[in-house]
Amino acid sequence: MTNSDINRLKDKAFHIFGIFCTFIGLVVLAIFLSDIVIEGIGRINWDFLTSLPSRRASRAGILTAWVGTLWILVLTTIIAFPLGVSAGIYLEEYARKSRINNFLEINIANLAGVPSIIYGLLGLEIFVRQMRLGGSLLAGALTLSLLVLPIIIVTTREAIKAVPRSIRDGSYALGASKWQTIWNQVLPASFGGILTGIILALSRAVGEAAPLIVIGALAYVPFTPSSPFDEFTVLPIQIFNWTSRPQEAFLTNAAAAIIILLIITFMLNGIAVYLRNRQQKKIKW
């Protein structure tokens, strides 16, 4: 048997092994999802979505939780979007090669893998104690903005890199300045990829409970927030609260809330996939 035959066998074996591992992962995920859907789908109705939390499982709802989640998503987007995109543009288009910039790039990449609880401790010290925002929506949004900023910066840089060099050269040839080229040519061409990164980052933020618990988000809020300075709860914290109770009915409520959270996450990821495919078609064209 020649070396080429051995390499082909190795490639075939690795291909089969990869398919097997993927199949196992999908089966386990399907089992978990089916179990949650079977247990919680019957609990989802209009009253469940519009009722306040209650000590009685049959009356408990997720109104304050999903409203708080919506507030957190909007505020986090408003804070993280301009900061992350601006930082990505600077690092990719303006920053020169130097030790400081290399240090920044390495640390930004490393921050994307830092456990979320660390961001919660950072938000507790800076936003809750030093800035005296308390356990407010604004403190939670600022904390989650720190969590997703590295992801947005990295994806912004990658989206800008994917823009063909010919677009920049053509803009410069027509007499446009560097900023005019970036604003009128590079950003429109890369905006689909940037939006994809932002939506994926928000998909991670919407499922985070640990940093919000650390900064003081409440498990029980008997009112819907009306301003960024109000106290709040979110779906992951509500789910955690219900799963920690011994009554079987609260576990059913938790399964129903998980389904709602999964729907939100799948919708965000679906939008990201659509924008990525649309962006790829534009670049090919």
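Which residues does Ile 260 touch, not counting residues up to four places away in sequence? In this predicted model, the residues in question are Ile 44, Leu 49, Ile 62 and Leu 235. Ile 260 is placed in helix H11. Its relative accessible area is 14%, and Ile 260 is therefore classed as buried, the limit being under 20%. Leu 104 is 156 residues from Ile 260 along the chain, and the C-alpha atoms of the two are separated by 38 Å.

Asn 253 is also found in helix H11, which runs over residues 248-284. Asn 253 counts as buried because its relative accessibility is 1%, where the limit is under 20%. A polar atom of the Asn 253 side chain lies 3.0 Å from the backbone oxygen of Ala 57. Ala 57 is also among the residues that Asn 253 touches when those up to four places away in sequence are not counted; the others are Arg 43, Phe 48, Ala 60 and Trp 242.

An annotation in the UniProt record, an unreviewed entry, assigns "domain: ABC transmembrane type-1" to residues 66-272. In the model, this span is 77% helix and 0% strand. The C-alpha atoms at the ends of the span lie 21 Å apart.

The largest pocket holds about 180 Å³ of space. Its lining consists of Leu 83, Ala 87, Ile 108, Leu 111, Tyr 119, Leu 122, Leu 146, Leu 149, Pro 150 and Ile 153. Two or more of the lining residues come from each of helix H3 (63-94), helix H4 (99-111), helix H5 (116-130) and helix H6 (137-161). The most is given by H6, with 4 residues. By residue class, the lining of the largest pocket comprises 10 nonpolar residues, with no polar and no charged ones.

The structure also holds 1 cavity of 30 Å³ or more. About 40 Å³ of space lies in the largest cavity. The residues that line the largest cavity are Thr 69, Ile 72, Leu 144, Ala 205, Val 206, Glu 208, Leu 212 and Val 234. Two or more of these residues are given by each of H3 and helix H8 (178-206). The lining of the largest cavity divides into 6 nonpolar residues, 1 polar and 1 charged. Glu 208 is the charged residue in this lining, and Thr 69 is the polar one.

Methods. Residues numbered from 1 in each chain as written. Predicted model: local features only at pLDDT ≥ 70, side-chain atom pairs only at ≥ 80, totals over all residues. Heavy atoms only, no water. Buried < 20%, exposed > 50% of the residue type's maximum accessible area, 1.4 Å probe, protein only. Polar contact = N/O pair within 3.5 Å; in protein donor to acceptor, adjacent residues only side chain to side chain. Contact = heavy atoms within 4.5 Å. 1 Å grid on protein atoms, 1.4 Å probe; cavity = no way out; pocket = protein on both sides within 12 Å on 5 of 7 lines; lining within 4 Å. Points joined across faces, edges and corners; volume = space filled by probe spheres on them. UniProt positions renumbered as here; feature names shortened; annotations may be inferred.
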